[in-house]
Amino acid sequence: MKPIIDYKIPKKILTPTSGFLYGYTHSLNPYAGCSFGCSYCYVRQSPVGLFRKQEWGSWVDVKQDSHEKLSREMMNLRKRDKPVTIFMSSSTDPYQPVEYKEQITRGLLEAMAENPPDFLFVQTRSPLVTRDIDLFHKLQEKLRISITVETDDDDVRKRFTPQAPPIQARLKAISKLKVANLPVQVAVAPVLPFTNEFPKILSSLVSRIVIDDYSGDGSQGKRSERLNVRELYKTEELDTWYGKNTYQVAVEKLKQSLSSDQILISQEGFMPY
């Protein structure tokens, strides 16, 4: 099902951060809504997901004039000698399918290449991120790209998030970013059932892994509980993979191929350092 696409002109494009993203000054969301519509996405239980009557994943708002607004806002912040550390994105995927046509994210990166922030963190699960390697090179010293890979089993991926990109395509994108000498990490967020080969696969691609313990939903896992994520695991007879200790099991498995200092837990792995 294709999402309903609408076009909006936001008053501002940068949003002051708090809570889980306390290490950043601003979040930057090129779109409102996300057509990947992942079953476990905490944004379903956030204001942007709850105040809209349409099902999460069925609508996307395109934020027009974003390049110009970001340029102006960045300029105003710099005039006041304000630090600018940006998390892109906190409530949408900046490289969801609509980006192929609209290129809002690319426009924002162009604005940042002209007037770089102190740090930019890019979070996505889309292989489209490799399109912007040329712009990432201009921000290379102040950048980290984080690619979500919850599992290496694409059948599991299809059960939990059928509209998201295939796992193999994401792994190829990570490899391409690595070859381009860009700072890239993998976010296993959330931990979905994976095979014994997963640690080897990840260790061959990156030296920095983030494991989500579900606190990344901004409410210490409470939003995830309200989404009945636990029931989805039970339905698929995967309930042994769900719980407060699951991330610890994942860490131990990953340690078969990665050192302890290469594995970060939730919030720590998303901070601007």
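What follows is a chat about a predicted model of a protein.

User: What kind of model is this, and what does pLDDT decide?
Analyst: The model is predicted: local features need pLDDT of at least 70, side-chain atom pairs count only at pLDDT 80 or more, and totals for chains, interfaces and linings use all residues. Residues are numbered from 1 along each chain as its sequence is written, and side-chain values use heavy atoms, with hydrogens and water left out.

User: How many helices and strands in the protein?
Analyst: There are eleven helices and eleven strands. These are DSSP runs numbered from the N terminus: helices are H or I, at least four residues, and strands are E, at least two.

User: How much of the protein is buried?
Analyst: Buried residues are 55% of the 273. Buried means under 20% relative accessible area, exposed over 50%, and partly exposed in between, with a 1.4 Å probe and protein chains only.

User: How do H2 and H4 pack?
Analyst: Helix H2 (residues 66-79) and helix H4 (residues 104-114) meet at an angle of about 30°, with axes 8 Å apart. Axes are lines fitted to C-alpha atoms, for helices over the stretch in contact, and angles run from 0 to 180 degrees between N-to-C directions. That makes H2 roughly parallel to H4, a label for angles under 35 degrees.

User: Which residues of H2 make the contact?
Analyst: Ser66, His67, Leu70 and Ser71 of H2 do, and on the H4 side the residues include Ile104, Leu108 and Met112. Contact means heavy atoms within 4.5 Å.

User: Which residues touch the most other members of the largest nonpolar core?
Analyst: Met112 and Ile211, in a core of 55 residues. A nonpolar core is a set of buried Ala, Val, Leu, Ile, Met, Phe, Trp, Tyr and Cys residues joined through side-chain atoms within 4.5 Å. H4 gives the largest share of this core, five residues. Leaving out residues up to four places away in sequence, Met112 touches Leu70 and Met88, among others.

Methods. Angles under 35 degrees count as roughly parallel, over 145 as roughly antiparallel, 65 to 115 as roughly perpendicular and the rest as oblique.
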